[in-house]
Amino acid sequence: MNETQPKNNFIILFAVLLAVFVVPSSISGTAIALPYISTDIQSDLASLQWVVNAFNLTFACFTLIWGKISDIWGKKRSFFIGAFIYTLASAGSALSTNALVLDIFRALAGVGGAAIFACGSAIFIHAFEGDARTKAFALFGTTAGLGITLGPTISGILLDSIGWQAIFFMHAAALFLVLIVSVKIPADQAQGGSIAQIDLVGSFFFITSMFMLMLALSKGYDWGWKSEAIILSFAGSFVCFLGFILRIRVAKFPVLSLDLIKNHKFLGLILVPVVASFTFVTLLTYFPTFLTGSMQLSASKAGLIMLFLTAPVLVFPLIAGKLSAKGVSTNLLMYLSIVSMLVGAAALIFVVENHISIMAIAIALILIGIGMGMSAGLVDGQALSSVNENDVGMAAGLLNTFRLGSEAIGVALYGSLLSSIVSNMVPMQLKDHIVLNTDSWVNAISSGNFMSMLPQGQAEQASIFETMSSIYNSAFITTNIALTGMALIVSILVLFYLRKEKYSAQGEAQVS
């Protein structure tokens with residue numbers, strides 16, 4: 001190893017990890033700013049939901065595309081371009097004066113964030129080997145977890161002290177520092193070629209399919225799950241996805257190689273983050289509403305309880321990395337990760353249904369957080385190490401497409417299911433109290449804002465609150481059962497593909 005190698009490694013770690021911190025902190029921290037943005041630019045809160053949705057959509061779609069671009073242009077160059085796009089988009093978001101412009105810049109930030117995640121992990125594969133690679137990806141997972149954990153806290157401080165614009169200016173400043181440092185990252189060997197080798201037709205089919213699916217899932221409650229618009233959206237998504245599959249089979253330069261899907265180990269590993277999306281990420285988004293609404297805890301107390309979910313994500317990536325470095329089977333660690341998330345999710349459902357103590361809730365959240373932490377980072381390194389070096393960029397894109405796509409889908413589906421269940425229960429259980437229509441009651445219960453609907457100075461307040469809490473708890477339990485069931489199905493697929501790869505490897509060894 002030459003003398004400059006340790007210095008180069010530090011530069012790579014600093015640039016990539018700082019960028020990796022900003023992206024998830026943006027995801028978890030921006031949502032709490034929506035009411036402040038709504039007041040400032042005089043836009044309704046519903047339309048501002050696409051500040052989050054637009055970012056998630058482009059992030060999920062473009063990770064796959066950036067993976068292919070990084071194979072052609074090189075990982076460093078693509079990472080730099082992504083950080084540059086994110087910097088501009090964050091500055092534009094801070095300067096936006098209406099919801100439409102803000103949504104456009106947030107969508108652009110998602111494009112840059114996709115490059116950061118896809119190309120950042122590919123840079124690690126190129127720069128590190130052996131134990132160093134395992135440690136680097138453990139730090140990758142820990143840093144992403146730190147961003148998720150601290151995002152709401154940092155955003156809250158900036159909201160109270162300066163304003164919502166400061167959140168986006170902070171992102172721009174951090175990514176500008178990344179741009180300065182990343183100039184010093186050693187260049188990698190690109191495969192060469194031109195942007196014409198990017199399959200624009202296949203990319204269009206994929207992005208359109210994802211957009212129509214997210215639209216259907218996020219609007220299922222508003223438009224009605226059996227409405228013509230929702231049915232057409234689902235059908236359009238399916239047709240576009242079918243077109244995407246057919247396109248990558250015939251394209252000269254497909255955006256996705258089918259050989260990656262045929263790699264059972266890689267496919268099994270990239271499904272692990274999907275389990276986390278349906279267990280950890282959905283709770284990260286919606287469980288604070290349960291705490292402040294149904295349990296009537298203050299925001300500060302709810303934040304402290306959420307640490308039981310997020311704190312393990314800071315510790316367990318490093319623990320899993322050390323265990324892997326000592327020879328513990330990666331597959332075993334993935335199995336333990338999945339079991340921990342599923343058991344934690346099932347325990348939380350049981351605890352809420354039976355009104356057990358806060359301590360029991362904490363234990364369930366810790367189990368889910370441990371499961372998330374054990375796979376975060378480690379799964380990236382192992383998945384990308386299992387593919388051909390020439391396909392690392394594309395593989396990183398597909399990995400993060402599975403991760404971010406399932407997160408976006410899980411969050412959208414969770415919200416729509418919860419609201420749909422509440423809307424079915426409100427007319428029956430609150431029929432004696434509904435004066436005008438059910439929409440205001442459904443919105444108040446779904447958002448956890450129970451107190452806004454309670455009549456002032458009436459003795460029946462306690463009874464109404466208890467009914468509202470019962471409705472929310474039932475919807476919460478049913479929604480989590482559905483999402484946990486999906487996570488269980490994905491977990492079975494993970495077990496199937498990893499076991500299939502193991503037996504294939506054993507058979508090849510016996511033949512040789």
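Residues are numbered from 1 along each chain as its sequence is written. Because the model is predicted, local features need pLDDT of at least 70 and side-chain atom pairs count only at pLDDT 80 or more, while totals for chains, interfaces and linings use all residues; side-chain values use heavy atoms, with hydrogens and water left out.

The protein chain contains 20 helices and zero strands; these are DSSP runs numbered from the N terminus, with at least four residues (H or I) for a helix and at least two (E) for a strand. Of its 512 residues, 56% are buried, where buried means under 20% relative accessible area, exposed over 50% and partly exposed in between (1.4 Å probe, protein chains only). Among contacts in the chain with a separation of 6 or more, 80% join residues 24 or more positions apart, a contact being heavy atoms within 4.5 Å.

Helix H13 (residues 272–292) and helix H15 (residues 330–353) have axes that come within 10 Å and cross at roughly 30 degrees. Axes are lines fitted to C-alpha atoms, for helices over the stretch in contact, and angles run from 0 to 180 degrees between N-to-C directions. The two helices are therefore roughly parallel to each other, a term for angles under 35 degrees. On the H13 side, the meeting residues include Leu283 and Phe287, and on the H15 side they include Ala345 and Leu348. By class, this contact has twelve nonpolar, one polar and no charged residues; Ala, Val, Leu, Ile, Met, Phe, Trp, Tyr, Cys and Pro count as nonpolar, Asp, Glu, Lys and Arg as charged, and the others, Gly among them, as polar.

Leucine 348 lies in helix H15 and is buried, with a relative accessible area of 1%. Beyond its neighbours within four places in sequence, leucine 348 is in contact with Leu283, Phe287, Ile361, Ala364, Leu365 and Phe476. Its C-alpha atom is separated by 8.8 Å from that of alanine 362, 14 residues apart along the chain.

Histidine 355 is in the loop between H15 and H16. Most residues other than glycine have a negative phi. Histidine 355, however, has a positive phi near 55 degrees, and at 62% relative accessibility it counts as exposed.

Just after H16, glycine 377 takes a positive phi of about 85 degrees.

Conventions. Angles under 35 degrees count as roughly parallel, over 145 as roughly antiparallel, 65 to 115 as roughly perpendicular and the rest as oblique.
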